[in-house]
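Thanks, everyone. I will keep this to one topic today, salt bridges, and go through them pair by pair. Here is the structure.

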Amino acid sequence: MKKSLLLAFSLALFASGWREEAITSIDKIIGIYQHRLHCLKTQEAITCIDRFPQDPHSDALAKTFAMSFPKAFYANKLNRDIEILQRQKLCFGKALTQEAAKECATNLR
């Protein structure tokens with residue numbers, strides 16, 4: 001009885017590892033975007049992107065967007081992305097499987 005309980009507990013911990021990992025990475029991105037939003041109040045977008053980097057590919061896209069549109073558009077994009085990421089985080093928190101989490105996260109509107 002104890003071995004099966006321990007096995008079930010171990011499997012539950014192993015299965016929940018993907019969920020915690022996804023939520024942690026989403027939280028990190030949300031934090032970066034919130035820092036950039038706060039920075040946009042006093043600095044230009046390119047400066048904020050350089051000050052709070054994410055990854056080279058995302059930063060290059062963000063800089064292109066920031067150079068192509070006014071600062072207010074970039075701020076609105078960050079706000080929208082934060083809202084989407086928060087909904088995705090909820091999907092990962094309540095899903096029982098990775099497939100269910102991915103389906104929920106891709107069907108957000």
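Predicted model: local features only at pLDDT ≥ 70, side-chain atom pairs only at ≥ 80, totals over all residues.

Let me start with Lys63 and Asp50, whose side chains form a salt bridge with an N to O distance of 2.6 Å. Lys63 sits in helix α3 and Asp50 in helix α2, residues 45–51, so this contact ties together parts that are 13 residues apart in sequence. On accessibility, Lys63 is partly exposed at a relative accessible area of 26%. Asp50 is also partly exposed, at 48%.

Now to helix α1. Which residue forms a salt bridge with Asp27? That is Lys89, and the closest N and O atoms are 2.6 Å apart. Lys89 has a relative accessible area of 29%, which puts it in the partly exposed class. Asp27 is partly exposed as well, at 36%.

Next, Arg36 and Asp59, again a salt bridge, 2.6 Å from N to O. This one also connects distant parts of the chain, Arg36 being in helix α1 and Asp59 in helix α3, residues 56–68, 23 residues apart. Are these two residues buried or exposed? Both Arg36 and Asp59 are buried. That means each has under 20% relative accessible area.

Then there is a network: Lys77, Arg80 and Asp81 are joined by salt bridges that share partners.

How many salt bridges does that make by this rule? The count is five.

How values were computed. Residues numbered from 1 in each chain as written. Heavy atoms only, no water. Salt bridge = Lys/Arg side-chain N within 4 Å of Asp/Glu carboxyl O. Buried < 20%, exposed > 50% of the residue type's maximum accessible area, 1.4 Å probe, protein only. Helix = DSSP H or I, 4+ residues; strand = E, 2+ residues; numbered from the N terminus.
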